[in-house]
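Subject: Structure for you to look at

Hi,

Here is the structure I promised to pass on.

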Amino acid sequence: MPKSPAKTVTSSSSERSLGTVALRWHGDRLELLDQRLLPAEETWLTLKDAEGVARSIRDMVVRGAPAIGISAAYGVALAARTADDSRWKEDIETAIGTLSDSRPTAVNLFWALKLMTDILATCESREQAVQRLAEGAVQIHEDDITANLSMAEHAMEAMNETSPFAVLTHCNTGALATGGYGTALGVIRRLHEGSRLQKVYADETRPWLQGSRLTAWELQRDGIPVTLNAEGAAGCILHQGDVKWVVVGADRITANGDVVNKIGTYNLAVLARHHKVRFMVVAPSSTVDMDTASGNEVKIEERDGLELREIRGQAIAPEGVDVFNPVFDVTPASLIDVIVTERGVVHAPNITGMYQLFGPERAG
Ligand code: MRU
């Protein structure tokens, strides 16, 4: 099986590893590392049409808000290639509709599809659409990597500890969840590069296990010290005192600074406030949704109860038991110390701070 390589990028100061990227664009096809099979197997799937990309997003072959947006953009580029010459515009619009139905919560998906729709509006032939939509998707991908590198720099300024410290993170926000480097995991990577990191506690992240299957795998592979914990252990870890920051990503940040992220993020924010541990959210401006007033208005995805009743086909709960499986929750802005984006940081976020950075218009 081909191993997924750690990519590197040269920034002004040094060569940075982007970590293990999970998306490869080849001009006529998109390859996705199947994240459902990690860490046991590294299998790449090849997608040649938008429907396949939409299915991959829905089924979690690819996940993580920025990676979902980037994949959807490539999906639109593929739709231009497979469109019928006589009704190419309608075919691409239908594909955009299918992609937008793939997952409801991460706003990066709708942000990317809006950019691609705007590009489509400039095209006068299918050939033009094939070229411009591919260029647009590559740009979205490259911009995401650039944003991750900038966010890591901004975060370094916000963290003023003078000696190495531990952090706790939730879900997976690394190269696998983005175009490369990562959001919260990008900040962690940067701490490690600067010898400021003692260790990372990685929440297991039930029920899909993004923390144990993906974050622990990514960090271990990149030589970053990681300790895996059940998320029920987070309280006792924060009580120990070595963790100075909880660092997480986001699927959507609303106009008042509320953060929608992987289920369990809210619990962590409450614990962090109780233990006087600071709470940082790291997300690109493509995750900011200034059109939505607060987290209460966001559609929270609920997934199949089987994710809790079974593990790999093996029953771990009584057959048919009722299950509540929301996969995101809302952390109120009041529990967040700092939101880091590539445009800058918002301390003690509220509507005023968010408007200062993102204005009345939707970010983008
Ligand atoms: O259900 P997932 O795995 O797509 O959820 C991912 C998260 O909640 C991440 O924390 C978020 O997308 C930020 S990823 C950089």
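Below is what I found, starting with how to read the model.

This is a predicted model, so keep in mind that local features need pLDDT of at least 70 and side-chain atom pairs count only at pLDDT 80 or more, while totals for chains, interfaces and linings use all residues. Residues are numbered from 1 along each chain as its sequence is written, and side-chain values use heavy atoms, with hydrogens and water left out.

Let's begin with the inside. A nonpolar core here is a set of buried Ala, Val, Leu, Ile, Met, Phe, Trp, Tyr and Cys residues joined through side-chain atoms within 4.5 Å. Buried means under 20% relative accessible area, exposed means over 50%, and partly exposed is in between (1.4 Å probe, protein chains only). The largest nonpolar core has 41 residues, and Leu-30, Ile-57, Val-76, Ile-92, Leu-99 and Leu-133 touch the most other members. Among the elements that give two or more residues to this core are strand 3 (23–25), strand 4 (30–33), helix 1 (50–58) and helix 5 (126–158). Helices (H or I, at least four residues) and strands (E, at least two) are DSSP runs, numbered from the N terminus. Which helix gives the most to this core? That would be helix 2, with 11 residues. Apart from this core lies another one, of 28 residues, including Ala-234, Val-246, Phe-279 and Met-354.

Leaving aside neighbours within four places in sequence, Leu-133 is in contact (heavy atoms within 4.5 Å) with Val-76, Ala-77, Ala-80, Ile-92, Met-116, Ile-119 and Leu-120.

Ala-129 sits in helix 5. With 0% relative accessibility, Ala-129 counts as buried. If you skip residues within four places in sequence, the contacts of Ala-129 are Ala-80, Trp-88, Ile-92, Cys-123 and Ala-134. Ala-83 is 46 residues away from Ala-129 in sequence, and their C-alpha atoms are 10.0 Å apart in space.

Now for helix 1. Its buried residues are Ala-50, Gly-52, Val-53, Ala-54, Ser-56 and Ile-57, and they pack against strand 4, strand 5 (44–47), helix 2, helix 3 and helix 4. Just after helix 1, Met-60 takes a positive phi of about 70°.

Next, the ligand. For polar contacts, look for pairs of N or O atoms within 3.5 Å. The side chain of Arg-63 has an N or O atom 2.8 Å from an oxygen atom of the ligand. A polar side-chain atom of Arg-103 is also 2.8 Å from a ligand oxygen, and an N or O atom in the side chain of Gln-210 lies 2.8 Å from an oxygen atom of the ligand. How much of the ligand does the protein bury? Taken alone the ligand exposes 410 Å², and the protein buries 100% of that; the areas come from the Shrake-Rupley method with a 1.4 Å probe.

Finally, Ile-300 is in the loop between strand 13 (288–289) and helix 10 (306–309). Ile-300 has a relative accessible area of 24%, so it is partly exposed. Not counting residues up to four places away in sequence, Ile-300 touches Thr-105, Val-260, Pro-326, Phe-328 and Val-330.

Happy exploring!

Definitions and conventions
Polar contact = N/O pair within 3.5 Å; in protein donor to acceptor, adjacent residues only side chain to side chain.
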